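Work through the exercises below with the model open beside you. Try each task before reading its solution.

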Amino acid sequence: MVYSMDTSSPSSSLFAAATALLLLLLPALSAADDWQAAHATFYGDETGAETMQGACGYGNLFEQGYGLETAALSVALFNEGWSCGGCYEIRCQGSTACAPGGAPVTVTATNLCPANYSKPNENWCNPPLRHFDLSKPMFLRLVTDFHVGIIPVAYRRVPCVKRGGVRFEMKGNQWWFAELVFNVAGAGEVKAVAARGSNDGQWVDLSRNWGQIWTSGNSRQVGQGLSFRVVAGDGRSVELDNVVPQGWAFGQSFEGRVQF
């Protein structure tokens, strides 16, 4: 037996309207529920000098477009470097030191907060704890007094917003080709890279050496013009043709015309 609903009745119309409203609200409710608990503090001073370099392989974060909006991740969040480049929205919660209004900050993962097994407790970066070491300017946006030290926070992954295209810095030497992949929008993280030389025209899968440093393990790409294929952490991929011209030098950076 098949039952049908009389949508002409007032009660049926009300039910249909409520159902439609619930369907509209589901994405917002889902987004509101994806916050997770963690802790945060800061390292360095207001200049951010101590946040430069780090375990992701980035260098001068100002020149590379990250600025002071960065964080070092605890071991559990760092995921052996696969989280480098990912973006996080962080808000202070549950502390009397939280800044009025509770506005969150958005940061990019650029470093590792290493584990410390020398103390019996308060080892915030030890697994399985989730913790963020923020630049001091970012921490100051979350609290009324930085002397509070450690604060409870809520965080969630968010899409990265970057200016310009995906960028590549040439690393290695004449015997060993490597590159740093940075300024990645969208997922931010990179899970695969391939390079194609202008001379041989062959795609070669690179392997992640550490952080966001990728290498072929040999010198095959040295001296060639290069195109790249980058796969982000969410599985999306882009192909960047003729990014690097022949005659490039180690230490130079090049920007593709494509972004996620």
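Predicted model: local features only at pLDDT ≥ 70, side-chain atom pairs only at ≥ 80, totals over all residues.

Residues are numbered from 1 along each chain as its sequence is written, and side-chain values use heavy atoms, with hydrogens and water left out.

**Exercise 1. Describe the protein chain by its helices, strands, burial and contacts.**

Step 1. The protein chain has three helices and 14 strands. Helices (H or I, at least four residues) and strands (E, at least two) are DSSP runs, numbered from the N terminus.

Step 2. Of its 260 residues, 45% are buried. Buried means under 20% relative accessible area, exposed over 50%, partly exposed in between (1.4 Å probe, protein chains only).

Step 3. Take contacts (heavy atoms within 4.5 Å). Among those between residues at least 6 apart in sequence, 68% join residues at least 24 apart.

**Exercise 2. Classify two aromatic pairs by geometry.**

Step 1. Apply the rule: rings of Phe, Tyr and Trp (its six-membered ring) pair if their centres lie within 6.5 Å; planes under 30 degrees apart count as stacked, over 60 as edge-to-face and the rest as tilted. The structure holds 10 such pairs.

Step 2. Tyr58 and Tyr66 are 4.9 Å apart, centre to centre, with 45° between the planes, a tilted pair. Both Tyr58 and Tyr66 are buried.

Step 3. The ring centres of Phe132 and Tyr155 lie 5.1 Å apart and the planes meet at 65°, so this pair is edge-to-face. The pair links distant parts of the chain: Phe132 is in strand β5 (residues 131–135) and Tyr155 in strand β6 (residues 151–158), 23 residues apart.

Step 4. Check burial. Phe132 has a relative accessible area of 0%, so Phe132 is buried. Tyr155, at 4%, is buried too.

**Exercise 3. Find the ring cluster and the charges over rings.**

Step 1. Ring pairs join Phe42, Phe139 and Phe146 into a cluster.

Step 2. A charge sits over a ring if NZ of Lys or CZ of Arg is within 6 Å of the ring centre and within 35 degrees of the ring normal. Lys136 lies over the face of Phe146, 3.8 Å from the ring centre. The charged end of Arg157 sits over the ring of Tyr88, 5.2 Å from its centre.

**Exercise 4. Which residues of the largest pocket lie nearest its centre, and which element gives the largest share of the lining?**

Step 1. Of the 21 lining residues, Gly65, Tyr66, Glu69, Val161 and Lys162 lie nearest the centre of the largest pocket. On a 1 Å grid over the protein atoms alone, a pocket is an open set of points where a 1.4 Å probe fits, with protein on both sides within 12 Å along at least five of seven lines; lining residues have an atom within 4 Å of a point.

Step 2. The elements giving two or more residues to this lining are β4 (105–112) and α3 (136–142). The largest share, four residues, comes from β4.

**Exercise 5. Is Thr108 buried or exposed, and what does Thr108 touch?**

Step 1. Thr108 is found in strand β4. Thr108 is buried, with a relative accessible area of 3%.
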